[in-house]
Each structure stands twice: as structure tokens, then as C-alpha cells.
Amino acid sequence: KNIAAAQPNAAHTGLAALEKDFSVTIITQNIDDLHERAGSTNVLHLHGEIFKMRSEWDDNLVTEIRDDV
């Protein structure tokens with residue numbers, strides 16, 4: 001719930017703004033979605049994403065989850 005309530009900061013929005021003029025890939029260890037909410041479109045999460053769950057049996061089956069499990 002705390003992560004969902006967090007807001008992107010100036011660094012998140014600044015990196016997103018770079019996409020207007022450059023090809024940008026964000027590689028982050030963070031599991032939140034603050035880069036995406038700031039507008040970045042090419043984000044690689046090294047440790048997964050807290051709002052997505054992946055099937056143990058099928059890596060292609062990914063489901064968004066926003067509520068409590």
C-alpha cells in the first residue's frame with residue numbers, strides 16, 4: 001500500500017523527459033513502478049515488480065495485482 005501511494009520524484013520525471021530526445025533504457029533494482037508512472041516506457045526491473053505476479057509453471061503468464069493477496 002505504501003508503494004502504491006508513493007509518487008515519482010524529480011529524478012523519475014527527469015529521466016522520462018530524456019525520452020523526447022534520446023533512446024533511454026532505465027535499468028533499476030527497485031520493484032516499484034515509479035519510473036513508469038513518471039512516463040518512462042523502457043524500464044527493466046532486475047528484481048521483479050511488486051505489482052505483477054508470474055506463474056511458477058509458465059513464465060509467460062504474468063498477472064497484474066494491485067490489491068492485497
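The largest pocket of the predicted model holds about 230 Å³ of space. A pocket is here an open set of points on a 1 Å grid over the protein atoms alone, where a 1.4 Å probe fits, with protein on both sides within 12 Å along at least five of seven lines; its volume is the space filled by probe spheres set on the points, which are joined across faces, edges and corners. The lining (residues with an atom within 4 Å of a point) comprises 12 residues, and Lys 1, Ile 50, Phe 51, Arg 66 and Asp 67 lie nearest the centre of the pocket. Both α1 (2-5) and β3 supply at least two lining residues each. Arg 66 also lies over the face of Phe 51, at 4.0 Å from the ring centre (CZ of Arg within 6 Å of the ring centre and within 35 degrees of the ring normal).

The protein has 3 helices and 4 strands (DSSP runs of H or I, at least four residues, and of E, at least two), in the order α-α-β-α-β-β-β. Ser 55 is in the loop that joins β3 (52-54) to β4 (62-64). Ser 55 counts as buried because its relative accessibility is 16%, the limit being under 20% with a 1.4 Å probe and protein chains only. Buried residues account for 23% of the 69 residues.

Residues are numbered from 1 along each chain as its sequence is written, and side-chain values use heavy atoms, without hydrogens and water. As the model is predicted, local features need pLDDT of at least 70 and side-chain atom pairs count only at pLDDT 80 or more, whereas totals for chains, interfaces and linings use all residues.

Methods. Buried means under 20% relative accessible area, exposed over 50%, partly exposed in between (1.4 Å probe, protein chains only).
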